[in-house]
Amino acid sequence: MLCAYVSSPNPQSPLDALEVGDRPEPEPPEGWVTVEVKAASLNHHDIWSLRGVGLAEEQMPMILGCDAAGIDPDGNEVIVHAVISGESWRGDETLDPKRSLLSEKHQGTLAERVAVPARNLVAKPEGMSFEQAACLPTAWLTAYRMLFVTGDLAPGQTVLVQGATGGVASAAIKLGAAAGLRVWVTSRTEEKRERGLGLGASAAFEPGARLPERVDAVLETVGEATWAHSLRSLKPGGKLVVSGATSGMNPPAELPRIFFLQLQILGSTMGSKDELERLMRFCSEHDVEPEIDRVLPLAEAREGFAAMEAGELVGKVVFQP
Ligand SMILES: NC(=O)c1ccc[n+]([C@@H]2O[C@H](COP(=O)([O-])OP(=O)(O)OC[C@H]3O[C@@H](n4cnc5c(N)ncnc54)[C@H](OP(=O)(O)O)[C@@H]3O)[C@@H](O)[C@H]2O)c1
């Protein structure tokens with residue numbers, strides 16, 4: 001079957017590690033099912049995988065992709081929850097020390113078919129397209145948890161989102177605005193700041209800019225390039241919710257600011273299956289739709305990866321196998 005995969009990672013030049021071609025059909029173990037993929041979305045996680053982050057040599061070749069929406073063996077339209085916990089694990093799947101995401105230990109979703117545990121399937125809402133549904137399980141679920149679970153933010157509060165146009169950032173803007181938060185963003189170009197406003201942000205700033213006032217929370221996925229600004233932007237007692245570090249993993253610690261201002265640094269990763277179901281309901285109730293930059297045939301996956309690597313996207317890239 002056709003898929004996008006990695007067999008020889010390249011830390012410096014991830015696109016050179018991308019292969020699009022045939023791999024064997026999935027063979028689901030007991031308790032797993034094969035989903036016919038109708039749409040699968042790209043995440044920065046897939047670029048990390050091409051760089052070899054989190055993938056041991058014995059796991060190669062690995063089909064990329066965490067997110068999929070498709071048809072299960074009974075003909076139901078489903079979304080795949082990408083967090084694979086141990087069979088005996090109960091409760092929040094992200095807290096299982098042995099959990100992995102699809103494409104880390106098990107073959108991923110950028111394929112015609114993918115094997116997943118039957119318990120990881122949730123029903124796709126009627127009225128939501130496969131393309132929209134395929135955006136939810138990673139970027140959108142991560143933004144949902146950062147805002148409403150880890151961040152525990154309430155309507156009327158102000159949240160700064162670092163980066164406006166990425167998968168997680170665009171989701172955070174749309175979800176936050178729909179929930180009544182005042183959402184401020186930073187972005188690297190004037191054009192993208194405009195796009196951030198179009199997604200629902202109420203103000204957009206250059207990276208590192210002094211804000212009109214300090215904020216209740218900052219959502220951080222950029223890491224090194226924005227970390228110090230995130231800490232400087234918080235009110236005393238404010239929350240820095242972090243789920244990624246695209247620009248680098250070693251930001252300045254700024255310890256005095258953290259303890260004197262009693263800032264809270266909160267790690268956040270993906271979300272539970274329950275949260276994915278709540279996210280779907282929220283989107284349906286509030287008419288919130290994922291921002292999709294482009295939809296491509298899977299055979300043309302390279303174009304989507306290249307656009308993400310170049311930072312050209314506004315929202316998500318979706319592949320159709
Ligand atoms: N822990 C988790 O569960 C989890 C889940 C999802 C994602 N993540 C991580 O979160 C990060 C974002 O993921 P994504 O899928 O949203 O990626 P993406 O679509 O490629 O978005 C990248 C974002 O980074 C922003 N950015 C700002 N300054 C940057 C810089 N100097 N270098 C690079 N990017 C910069 C971009 O903003 P502008 O272009 O608007 O400036 C854009 O919003 C990744 O590192 C990913 O691994 C973690």
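**Calls and cut-offs in a predicted model**

Mentor: Gln262 sits in the loop between helix H7 (255-260) and strand S16 (264-267). Helices (H or I, at least four residues) and strands (E, at least two) are DSSP runs, numbered from the N terminus. This is a predicted model: local features need pLDDT of at least 70, side-chain atom pairs count only at pLDDT 80 or more, and totals for chains, interfaces and linings use all residues. Residues are numbered from 1 along each chain as its sequence is written, and side-chain values use heavy atoms, with hydrogens and water left out.

Trainee: Why does Gln262 count as exposed?

Mentor: Exposed means over 50% relative accessible area, buried under 20%, partly exposed in between (1.4 Å probe, protein chains only). Gln262 is at 60% relative accessibility, so it counts as exposed.

Trainee: Is the phi of Gln262 positive or negative?

Mentor: Positive, at about 50°, although Gln262 is not a glycine. Most residues other than glycine have a negative phi. Asp287 also has a positive phi, near 55°, and is not glycine either. Asp287 lies in the loop between helix H8 (273-286) and strand S17 (292-297).

Trainee: Why is Asp287 called exposed?

Mentor: Its relative accessible area is 69%, so Asp287 is exposed.

Trainee: And why does Leu55 count as buried?

Mentor: Leu55 has 11% relative accessibility, so it counts as buried. Leu55 is in the loop between H1 and S4. The Met60 to Pro61 peptide bond is cis, with omega near -10°. Most peptide bonds are trans.

Trainee: How do you know that Cys283 is too far from Cys135 for a bond?

Mentor: A disulfide is a pair of cysteine sulfur atoms within 2.5 Å. The sulfur of Cys283 has its closest cysteine sulfur in Cys135, 10 Å away, so a bond is out of reach. Cys283 is buried, at 3% relative accessible area.

Trainee: How many disulfides does a search of the whole structure find?

Mentor: The search finds 0. Cys3 is in none, and the nearest cysteine sulfur, in Cys66, is 15 Å away. Cys3 is at 0% relative accessibility, so it is buried.

Trainee: What joins strand S1 to S2?

Mentor: Two strands pair if DSSP finds at least two bridges between them. S1 (residues 2-6) and S2 have 5 bridges and run antiparallel. Therefore they meet the pairing rule of at least two bridges. Tyr5 stands opposite Glu19 in S2. The open sheet has 3 strands, ordered S2-S1-S4, with antiparallel pairing. S2 (18-22) and S4 (62-63) are its edges, each pairing on one side only.

Trainee: Which residues are closest to the ligand?

Mentor: His44, Ser187, Lys192, Ser243 and Met270, out of 26 residues that surround the ligand.

Trainee: How far is an oxygen atom of the ligand from a polar backbone atom of Met270?

Mentor: The distance is 2.8 Å. A polar contact is a pair of N or O atoms within 3.5 Å. Therefore the Met270 pair falls inside that limit. Side-chain atoms of Trp48 and Thr165 each lie 2.9 Å from a ligand oxygen.

Definitions and conventions:
Near = heavy atom within 4 Å. Polar contact = N/O pair within 3.5 Å; in protein donor to acceptor, adjacent residues only side chain to side chain.
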